[in-house]
Amino acid sequence: MEVDKKEIESDEQVVNPWEVSAKDGGKIDYDKLIDKFGCQRLDQSLIDRVQRLTSRQPHVFLRRGVFFAHRDFNEILDAYEKGDKFYLYTGRGPSSEALHLGHLIPFMFTKYLQEAFKVPLVIQLTDDEKCMWKNLSVEESQRLARENAKDIIACGFDVTKTFIFSDFDYVGGAFYKNMVKVSKCVTLNKAMGIFGFSGEDHIGKLSFPPVQAVPSFPSSFPHLFPGKDNLRCLIPCAIDQDPYFRMTRDVAPRLGYSKPALIESSFFPALQGENGKMSASDPNSAIYVTDTAKDIKNKINRYAFSGGQDSIEKHRELGANLEVDIPVKYLSFFLEDDTELEHVKKEYGEGRMLTGEVKKRLTEVLTEMVERHRRARGAVTDEMVDAFMAVRPLPSMFE
Ligand code: TRP
């Protein structure tokens with residue numbers, strides 16, 4: 001009986017690259033996910049090590065547990081301590097023109113890692129993936145990839161250390177050879193187990209995982225890492241991407257390659273609350289980088305789920321429920337100042353601060369952030385996109 005119940009429960013939470021849904025419309029249970037996937041928790045001692053090795057305060061997303069799980073990140077740090085560098089790999093599936101704040105999180109964090117560790121970075125735009133999954137034409141996926149590249153560049157990456165590529169443009173040569181090697185190591189049964197493919201899926205989907213796998217191997221980039229076949233790879237990503245890299249890590253030793261290390265984030269919640277989903281079809285579920293100051297203010301005031309009490313009297317007495325409060329949750333992602341965040345949590349949690357005041361502060365923080373992004377994106381020219389996407393050596397990549 002007990003076993004059955006457990007089986008059913010763990011089946012109800014679904015997290016894979018195409019679907020994220022919690023049990024009974026509740027919150028995602030991240031501890032359970034760590035157990036199920038077999039990754040490790042990112043604990044304070046690792047964060048302290050990052051601080052020591054980089055001589056700077058760890059990023060907010062590390063300090064506040066946004067990136068909460070890893071695979072072999074400790075090994076990357078061991079090697080770095082001995083003077084061995086690594087490279088970073090992340091990516092985006094260009095499925096829409098407008099990015100929301102959740103989309104920026106891995107890129108903001110990757111930019112920090114690039115700066116703090118002074119390492120090169122490859123960014124994969126999986127236009128092929130979105131063409132196959134989202135019913136977009138080849139041309140439209142390619143166009144979206146280039147548009148999204150501008151938003152990514154606007155996050156502040158260093159062009160002397162960063163290579164951005166679209167799969168449609170770059171797959172071939174050494175990259176394709178690695179794809180074929182990976183493909184030969186993964187049976188259909190295995191792929192169905194890891195990704196949940198079924199006999200009804202078209203074969204394009206089955207063929208895709210090796211494309212996302214091989215940027216984990218330096219030999220896929222002969223213009224960047226010639227003769228550096230042992231260079232280790234660290235992948236910052238949201239935890240829904242883990243299945244791709246479980247497969248990658250599984251096959252790597254059989255190909256004589258190192259397993260990529262991972263550092264994985266939780267999901268950014270919808271305005272309506274942690275059990276809500278940010279949905280592309282509901283523009284009011286998320287804040288987009290294209291939203292105006294007025295949009296941001298309206299969305300936060302109207303839709304951000306509040307943990308405050310119904311009446312002021314009750315609120316003063318009981319305080320806000322911070323566990324479910326979206327304004328506080330969003331501030332914990334984007335308000336830099338630890339002291340101010342603690343102050344807000346205490347005052348709001350004990351009822352001295354009202355929801356309206358917290359929402360006002362959040363509106364300021366997000367308006368400034370979105371405004372900064374808009375300016376940066378406006379300054380990204382076509383020449384800059386070409387420069388980031390050119391197949392070229394990166395001479396100063398480890399400096
Ligand atoms: N599949 C990812 C998406 O749909 C894009 C991606 C490709 C990616 N390579 C990656 C994400 C590496 C994180 C790390 O968004």
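**Entry 1: terms and ground rules**

Helices (H or I, at least four residues) and strands (E, at least two) are DSSP runs, and I number them from the N terminus. I looked up Asn 135 with that in hand and found it in the loop between H7 and H8.

The model is predicted, so I note the limits: local features need pLDDT of at least 70, side-chain atom pairs count only at pLDDT 80 or more, and totals for chains, interfaces and linings use all residues. Residues are numbered from 1 along each chain as its sequence is written, and side-chain values use heavy atoms, with hydrogens and water left out.

**Entry 2: loop residues with positive phi**

I stayed with Asn 135, which has a positive phi of about 60° although it is not a glycine. Buried means under 20% relative accessible area, exposed means over 50%, and partly exposed is in between, with a 1.4 Å probe and protein chains only.

I looked up Ser 55 next, in the loop between H3 and H4. The phi of Ser 55 is near 50°, again a positive value in a residue other than glycine. Ser 55 is exposed, with a relative accessible area of 67%.

His 59 is found in that loop too, between helix H3 (44-54) and helix H4 (60-63). His 59 is buried, at a relative accessible area of 15%. I checked its side chain for a polar contact (a pair of N or O atoms within 3.5 Å; within protein, one must be able to donate a hydrogen and the other to accept it, and residues adjacent in sequence count only if both atoms are side-chain atoms). A polar atom of the His 59 side chain lies 2.9 Å from the backbone nitrogen of Phe 61.

**Entry 3: the ligand**

Which residues come nearest to the ligand? I counted a residue as near if one of its heavy atoms lies within 4 Å of the molecule. There are 14 residues around the ligand, and Tyr 89, Gly 93, Glu 129, Gln 212 and Gln 241 come nearest.

I listed polar atom pairs next. A polar side-chain atom of Gln 212 is 2.9 Å from a nitrogen atom of the ligand. For Gln 241, a polar side-chain atom is 3.0 Å from a nitrogen atom of the ligand. Lys 130 has a polar side-chain atom 3.3 Å from an oxygen atom of the ligand.

On its own the ligand has 360 Å² of accessible area, and the protein covers 90% of that. I note that accessible areas come from the Shrake-Rupley method with a 1.4 Å probe, and that for residues only the protein chains shown count as cover. Strand E5 (86-92), helix H7 (127-133) and strand E8 (232-238) are the elements that give two or more residues to the shell around the ligand. E5 gives the most, with four residues.

I sorted the shell by class: four nonpolar, seven polar and three charged residues. In this sorting Ala, Val, Leu, Ile, Met, Phe, Trp, Tyr, Cys and Pro count as nonpolar, Asp, Glu, Lys and Arg as charged, and the others, Gly among them, as polar.

**Entry 4: cysteines**

I searched the whole structure for disulfides (pairs of cysteine sulfur atoms within 2.5 Å). The search finds zero. Cys 185 is in no disulfide, and the nearest cysteine sulfur, that of Cys 233, is 18 Å away. Cys 185 counts as buried because its relative accessible area is 18%. Cys 131 is also buried, at 17%.

I looked up Ser 216 because it is buried, with a relative accessible area of 2%. Ser 216 is in the loop between helix H13 (209-213) and E8. The C-alpha atoms of Ser 216 and Cys 233 are 5.8 Å apart, though the two are 17 residues apart along the chain.

Helix H8 (residues 138-153) has 16 residues. From first C-alpha to last, H8 reaches 23 Å, close to the 22 Å expected at 1.5 Å a residue. The expected span is 1.5 Å times one less than the number of residues. The buried residues of H8 include Leu 144, Ala 145, Asn 148 and Ile 152.

Glu 139 is in H8, and it counts as exposed at 56% relative accessibility. Its C-alpha atom is 9.3 Å from that of Asp 127, twelve residues apart along the chain.

Lys 177 lies in helix H10 (residues 173-185). Lys 177 counts as exposed, at 58% relative accessibility. From C-alpha to C-alpha, Lys 177 and Val 214 are 9.5 Å apart in space and 37 residues apart in sequence.
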